[in-house]
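Please look over the sequence and the model shown here. A short briefing follows, grouped by topic.

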Amino acid sequence: MKCIVLGFSLALLWGWRKTPSPVHPGGPAVVALADHSVGSSGVPDSSFLKVYGVDSLDEEGTLIIPSEDGNLYLGGSRSDELLLMKLDPDGGLLWERSFDITTLREVITDLRLDSEDFLIGCGYGRAPNQEVFQGFAFRYDPRNDALLWLQLFPVGNRLFSILEPTPGGDFLLAGDRQTAVLPDILDDAFWLELDRNSGNPTANVASLYTFGSREAFYATVQRGNDLFVAGRYTEGNFSSRVRAALSRFDLQGNEQWSRLFHVPLAGVANLQARALLLENDALIVAADGNDDDIDVNATELFLHKFDLDGNLLWSRKLDLTAFANETVLEIVSLPDGFLLFGENLIAPQDFFLLKTDKDGHPLWAKSYGTPGVEFGRLFSQSQLLRMGDFLYFTGRSDGYSTNNDIVLFKTDLEGRIADDCVEVRDETVLEVMHTAAVDTVALTPAPYPDVLTPFAPGSRLVFLWEQTQCAIPQAELCGNGCDDDLDGLFDAFDPDCACTPELACGPFANLCPEACEYEPRPEPFDLEEVWRRVDVSAGDVMPVVGDVDGDCFPDVVMVNLDAFTLDSRLAVYDGRTGTLKAVGPTTLYNFAIPALGDVDGDGMAELFAMQGGGNSRLTRFDWVAGNLVETWESSSLVQAYTTDPGLTFAPGLADFNQDGRPEVYIGNQIFDSETGLELANGGSNNQGITAVGTFIQLTSVVVAADVLAPPECLPCRGLELIAGNQVYAVQINSYTNPALNYMEVVREAQGRQDGTTAVADFDLDGDLDGIVTTVDATGSSVEVYVWDLQTDQLLGAPYLSIPGALSSRSSQPAVGDVDGDGRPEIVLSTAAGLHVLEDYQDGGGAMWGVSGTTLRATRSFASSPWRQVPALFDLEGDGALEIFFHERLGFHVFDGDLNPRSSRFVPGAALETSPVIVDLDLDGSTEVVLSASQDLVVLRSANRPFLRARPIWNQLAYQPLSIEDDGTVPARRQPILLPEGGRFNHFLAQEYLFNDDGTPHLPVPDATVSVPGVVCDSGSFVLTVEVCNLGVDTLRRQVPLSIYRGSPITSAAPVVLTDTLPQDVAPDSCLL
C-alpha cells in the first residue's frame, strides 16, 4: 500500500483579521442621581445656572414648585404681565404663558397645586417705586391652558399666600389691605375664603386683623385644623415697634394665640418674619431686620423655633460678615438641618444659602453672584425648592442683557455649583449671642369690606430664550435617551457606553469589537435573489421594514392592491422567508407609502398610512394576536392644498417636543400617535410637494429635524418641520386641546418654492441646510436648490437646472459623501437619468448651482426613471457611499461617478420607490428589498458580504438617527453633526453597525480543521475531518473544504477533492 501525504485547506471566500480581545473593566460608568457624584473639583453632577429672557423685556422669577408630573412650574413676570413657565428638571423650557391682569406690574407671591392638580396662585400688581398695590387670585388648568377663574381685588390689597385647607374644599387667602397711604402707610392683615369653583368670596372667612398700624400675613402653613401664619405686626404707628409675628388660627379664622418677637415692644427694633416651616411638632421661623435700631439698611438674620402652642424653644442670630443688609426669602428642611435662602439688599447684591443644624447653629454659607446684580422678591413663597438631592432657587439678574432676566440655579444639598460661570464664595457666618423675648398679643378682628371683581384676561403663548450659563455634566447614563455628560453624544453613540447593548433586538452603535473581525475590501460582487413574492398585485409603491410582530426579526410592509376587489391594503411579510403574515382590514390609498415605529413601547412597530376612496384620513394599525387591527382614524382629513387626485402623502414619525410621546407628521399636519387627534396644522403653506400649473409631483416629502434654536428663533425648541423653502416651528403643548399648540413658518427662502426635501450640512459650516428638488416657475425644467435654514439664504447660485430633464420631474434627493472626500454630494433622478451633483467646495463654493460646474455625473437609462428614489450605503466602510438605484428595467449599484459595481435585471416600479437596504434575517449580511412591478423581491450579494446594515428602514424620508433599531422613536435624537465630524451627515442613506471606535462591526468565524482518523481499505481510504469554529460568528454551510496533493502553502499543489460543509457551525462548537 502506498501512503499519500495529504494537505488540507479550508478556504473562506472573505478575509479576516485577528484583533486582541478588548478589555472593558467594570463596564460603563453609571451614576444614579441619588448619589449626586462629586468629581475631584467638588462640583456635583447636574448643577447649572440657567438664564431665561428676551433682551427687549424685563423678566423676573419669583417662585418655583414641583409639578404633578415630575417637572417644575416657575412663576414670575414678563414686563408688566404675570408669567407662568413649565420646565423639565434640567431647566429645559416646556412652555411659557403670560397673563396681563392689572395695569401695574404683576408679582406672583404664591403658587400651589390643589387636589385636582390645578394651579392656584395669588399676588399683586405694583406701580414702580410706589406703594400702590392691587391684588389678584386665580385658579388655572395648565394642561388645557384654561383660566378657571381670576378675582381682581381693589387697589390697596396685597396677597401673599393661598391654601386649600381641605381637599376638594374652598381656598383661603392671606395678605394685607391698606387703610391709608399718606402721610403714613397703614395696613391690616386679612384672611379671606374663596369658593373653589367660582373664586367668589364666601361668608365663612372674611376678616381683617389689626394690632396697631401695620399688620401683614406673609407665610402660612397648616396642620390639621390649625393655621399658622408668620408676618409682621406694629404697635402704634412707630417704625421702632415693627416686630416679627407668629399667630395660630383655626380654619374659621378665629385667633388662638399671637406672639411678637424677639425684642420686647418697649425696645427699639424693626423685625419681620418672612418664612415659616412646619417641622414635626414645631414651627421654624426665619426672620430678618435690625434688633437694636430702626435702620433697615443694616439688618441681620434670625432663626427661631416655637412649639405649636407658641412657646419659644430657641432663637439664633446669624450674621454673614461680608453682608450688611441681609434678608431671608425662604427656608427648607434638610435631613441634617435647615437651609435659608436670601439676598443682600445692598452691594454686593448677591444671593446666599446658609445652612444650620437642627438646633439652628450655622454650618456653612455660600454666596452666588452673576455678572450683574441679583434680585429676589420679598414676600414670595417657594423661592427655594428642594427636589430630591438637589436645590433650585430663582430670581432675576441684569447681568445677561440690557434688561433683567430670570435666573435659575440648581445645586446639590451642599450648595455646590460650577464656579466657571457664576461667582460662588464661601462666606463666614457667625452666631451672635443675643437675648430673645416674646410678647403675647391679641389681634382685633373686623369684617373684610372689599368687593372682588371677576376678570378673564386670557393667556398668551410667549417665548423666552433659554441660556445655559453653566452645566456640570454627569456621567453618561446609557439607555436613558439623553446626553448626560454634555459631549454631544447620546447613549450608544457615546464611547462611555461602549459594549452596552440597550436594545432588545440589537444596538445600532458602539458595539464591542470582537476578537475576529472581517476587514472589508472593495471587490467585485454579484447579486442573487433571496426570495420573491409573485402574488403582489401592485408592486408600484415603496415598502418599509421593521419588526411588526415583536419577534425581533424585521418584517416587510407595503400596500398591496387586490387584483379582483381593487382594494389596497397593508400587507406584512416575513423578512426572512417572504411568507405573508397578515393583511390589514382597511382600504388605503392605492399609492400610499406607510411608516412604522413602536410608538407605545410594546415591542411591536405600529403602522401608519393614508386611506383612500375619498377618505384621506391617516390611519394607525397595531399587531394584535397575529392580525393587523385598525386602532384609529385621524380626527381630520389629510389636507391636500392642490387639486391633483393622485397626490399622496408619506407619513413620518418624530417626537417634536421631546417628551417621549411621538407624533406622526404628514404633509404639514401633525397628529398624536396615540389617539389620531390633529395637534397642529401649517395651513395653506408648504407641504413638501412640487406644484406648478397643471404639474404636481405625486408624493409629498417633508422632514422633521432640529435645525433652529433660540435665540435666533425663540419658538424653535425640539424639532422643526422642513418643507421645501419653508421651516415650521412646532410646539406641542397639549394632546387634548390643539389650540394650545403652535405651528408657524419661521424661515423662508425668498424667491424659491415648495418641493421634495432633504436635510444635511451641505456646506460643512456646522448647521443643517435644506436640499430641495422642484421645478422652475414655468414647470418646464427641474431645479435643485440648497438653502441655509438659519439665514434664509441660498447657497451658491439660485438654482441648478438639470439639462435634458424632460417633463420637469425629479425624485426626492439623497445626500451623502459618495466619493470619500468628507463632503456630501446630492443624488437624484429625473426623466433624463440619474445624476450626481458635486459637493459645495468642488462645485465652486459660492458659484455652486451653475450648470456644468456642479453636475458631477449623469447616467441615462432606456426607461424614464424620474420617480425612482436613489438610496445610499457604504458597502466597504471606506467612507464612500455606494448608490443603489432601481429603475424600470433593472437594479444597479454604482460608485460616486456612476460607474457600475453590480446590476441585476429586476423590473422596477412606476411610482416613487426606493431600494430598502436592511439586514432582513439578522445574519450579518445585508439585503436589498425592491418593489418590482408586480413582485416583491429581496436581493443580496452572491459572493461577498456587504457591511452589516441596520434592521430597519421605517419611512420614505429616512434618516438613521430618527429611529432606533427596535423601532422606538427617540425622544432626543443624536444630532446628525457629531462633535468630531459628519459621520451621519447624509439623508436617504443606510448605516452599518459599527464599533465604539467607528470601525465596522463585522464579527466572523475562525475555522480550524483537524483529521482525527484515516482508514485505508482495498485501495481507498476514509478521512474523518473535524471542523471547529473558534470565532464569534456562525460558520455557514456551503463553505468549501478542499483536499490537496501536497501543501498548497509551500507549492502549487493540485486539488484532489472539494466538498462543502453540510450545516452551519456555531461559535465555540465543532462539526465532525
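Ala871 stands opposite Phe884 in β70. This is a predicted model, in which local features need pLDDT of at least 70, side-chain atom pairs count only at pLDDT 80 or more, and totals for chains, interfaces and linings use all residues. Residues are numbered from 1 along each chain as its sequence is written, and side-chain values use heavy atoms, with hydrogens and water left out.

- Strands here are DSSP runs of E with at least two residues, numbered from the N terminus.
- Two strands pair if DSSP finds at least two bridges between them.
- β69 and β70 (residues 882-887) run antiparallel and are joined by three bridges.
- The open sheet has four strands in the order β69-β70-β71-β72, with antiparallel pairing.
- β69 (871-873) and β72 (900-904) are the edge strands; each has a single partner, so one side of each lacks a neighbour in the sheet.
- From one strand to the next, the twist averages 20° (axes are lines fitted to C-alpha atoms, and angles run from 0 to 180 degrees between N-to-C directions).
- Glu882 and Arg901 form a salt bridge, with their closest N and O atoms 3.0 Å apart.
- Glu882 is in β70 and Arg901 in β72, so this pair ties together parts 19 residues apart in sequence.
- Glu882 counts as buried, at 4% relative accessibility (buried means under 20% relative accessible area, exposed over 50%, partly exposed in between, with a 1.4 Å probe and protein chains only).

## Confidence

- pLDDT is the predictor's confidence in each residue, from 0 to 100.
- The protein chain has a mean pLDDT of 85, and 87% of its residues reach 70 or more.
- Residues 1-43 stay under 50, and the model has 90 contacts for them beyond four places in sequence (contact means heavy atoms within 4.5 Å).
- Residues 641-646 also stay under 50, with 15 contacts beyond four places in sequence.
- Where pLDDT is low, the predicted coordinates should not be read in detail.

- Another open sheet of four strands has the order β41-β42-β43-β44, and its pairing is antiparallel.
- β41 (544-546) and β44 stand at the edges with a single partner strand each, so one side of each has no neighbour in the sheet.
- The twist in this sheet averages 30° from one strand to the next.
- Three bridges join β41 to β42 (residues 555-561), and the two run antiparallel.
- Val545 has Val556 in β42 as its bridge partner.
- Pro585 sits in the loop between β44 (580-583) and β45 (595-597).
- Pro585 counts as partly exposed because its relative accessibility is 45%.
- Pro585 and Leu628 are 43 residues apart in sequence, yet 7.0 Å apart in space, C-alpha to C-alpha.
- Beyond four places in sequence, Pro585 contacts Arg569, Phe621, Leu628 and Glu630.

## Nonpolar cores

- A nonpolar core is a set of buried Ala, Val, Leu, Ile, Met, Phe, Trp, Tyr and Cys residues joined through side-chain atoms within 4.5 Å.
- The largest core has 129 residues; Leu607, Leu628, Phe873, Ile883, Val929 and Trp953 have the most contacts inside it.
- Strand β63 (residues 782-788) gives this core its largest share, five residues.
- Val929 has contacts beyond four places in sequence that include Pro543, Val545, Val556 and Leu936.
- Another core, of 20 residues, lies apart from it; Val332, Leu334, Phe341 and Tyr400 are among its members.

## An enclosed strand

- Five of the five residues of β61 (residues 756-760) are buried, so this strand is largely enclosed by the rest of the structure.
- Thr756, Ala758 and Ala760 are buried on one side of β61, and Thr757 and Val759 on the other.
- β61 and β62 (residues 769-775) run antiparallel, joined by five bridges.
- Ala760 has Asp769 in β62 as its bridge partner.

## Salt bridges elsewhere

- The structure holds 61 salt bridges (a side-chain nitrogen of Lys or Arg within 4 Å of a carboxyl oxygen of Asp or Glu).
- Arg232 and Asp187 form one of 3.2 Å, N to O.
- Arg232 is in β17 (residues 226-234) and Asp187 in β14 (residues 186-194), so the pair ties together parts 45 residues apart in sequence.
- Arg232 and Asp187 are both buried.
- Arg532 and Glu529 form a salt bridge with closest N and O atoms 2.8 Å apart.
- Arg532 is partly exposed, at 31% relative accessibility.
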